[in-house]
Amino acid sequence: MIIDKILGFFSSDMGIDLGTANTLVLVKDKGIVINEPSVVAVENTKFGKQKILAVGHQAKDMVGKTPGDIQAIRPMKDGVIADFDMTERMIRYFIEKTHKRRNFISPRVIISVPYGLTQVERKAVRDSALMAGAREVFLIEEPMAAAIGAGLPIQEPKGSLVVDIGGGTTEIGVISLGGLVISKSIRAAGDKFNEAIISYVKEKYNLLIGERTGEEIKIKVGTAVQLPKELVATVKGRDQISGLLSRIELTSEDAREAMRETLKQIADNLKSVLEMMPPDLASDIVENGIVLSGGGALIRGIDKYLSDIVKLPVYVADEPLLAVAKGTGKALEEISILRQLSSE
């Protein structure tokens, strides 16, 4: 314990919310220092090697706009590592950007991972961080990190239910006495909303749009419930019949219809978790309600949509986008709790 404290004093221990859409890095005693897209832009050289051109915001700006020899890669897919080499390079970039070699002791790193990751996938995440320069790596499951970050009483003998809607996965977790009693990870989240919008615009309006545009529509007019006044967004793309560039007006009702199936998937899985709930914990959830975190919690009216289906109070956490990262930071504050909660 004393050695831990001494080493911690000389290093910038950090928590990483390694998300499909965004990666957030939190440094102990400093808060969140990086919040950037999980994207790496690489150039394919004539020698068959990939040269990194940009990571994060700069790389995302290149998505869908790169020449043939440049690729914008998202190394995380559906909450898991799809490209080990690019994930390691991305983690290394964020660790070096944060650490800046100001301290001579390598950082201790805690990384949030989706519930249900296989041992092979867990090892891939740990190895990526170790190869990127971490001294010690802990894994914490996203529902637990989200609950800690949302300020839920995870150590108490009472049930808390969190639904973290990220980019690649939605994590549903029931927590009591510092452990996950029930947890579920489903691949219906932010990316699926984007894909559904892209398909809807193509099928209804014969307009081809890209990944970035789909995400922008979700943010600008996305809604889970009918709004008193419809929102409207101008969408530009290529008409798939004429081949010419075109624009249309898309309403919040369009976006709601496009996202309907993915919303229903999340609601159905939440209902199945509630049906598995032990009676004593169920009474706690009835009293305390359900907390939403992650970027998907920002979709207009999603709290009301879920509340109407499960007949329970549903609340959006303060700063839902930051909940998981904040949870890793709180775990870093106490190494004994970190070791207890870490998913080895």
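Q: Why is E96 called partly exposed?
A: E96 has a relative accessible area of 36%. Buried means under 20%, exposed means over 50%, and partly exposed is in between (1.4 Å probe, protein chains only), so E96 counts as partly exposed. This is a predicted model, where local features need pLDDT of at least 70, side-chain atom pairs count only at pLDDT 80 or more, and totals for chains, interfaces and linings use all residues. Residues are numbered from 1 along each chain as its sequence is written, and side-chain values use heavy atoms, with hydrogens and water left out.

Q: What makes E96 and R92 a salt bridge?
A: The closest N and O atoms of E96 and R92 are 3.9 Å apart. A salt bridge needs a side-chain nitrogen of Lys or Arg within 4 Å of a carboxyl oxygen of Asp or Glu, so this pair qualifies. Both residues lie in helix α3, 4 residues apart, about one turn of the helix. (Helices are DSSP runs of H or I with at least four residues, strands are runs of E with at least two, and both are numbered from the N terminus.)

Q: How do you know that D13 is buried?
A: Its relative accessible area is 2%, and that falls under the 20% limit, so D13 is buried. Its salt-bridge partner is R108, with the closest N and O atoms 2.7 Å apart. D13 lies in the loop between α1 (2-10) and β1 (14-18) and R108 in strand β9 (residues 108-113), so the pair ties together parts that are 95 residues apart in sequence.
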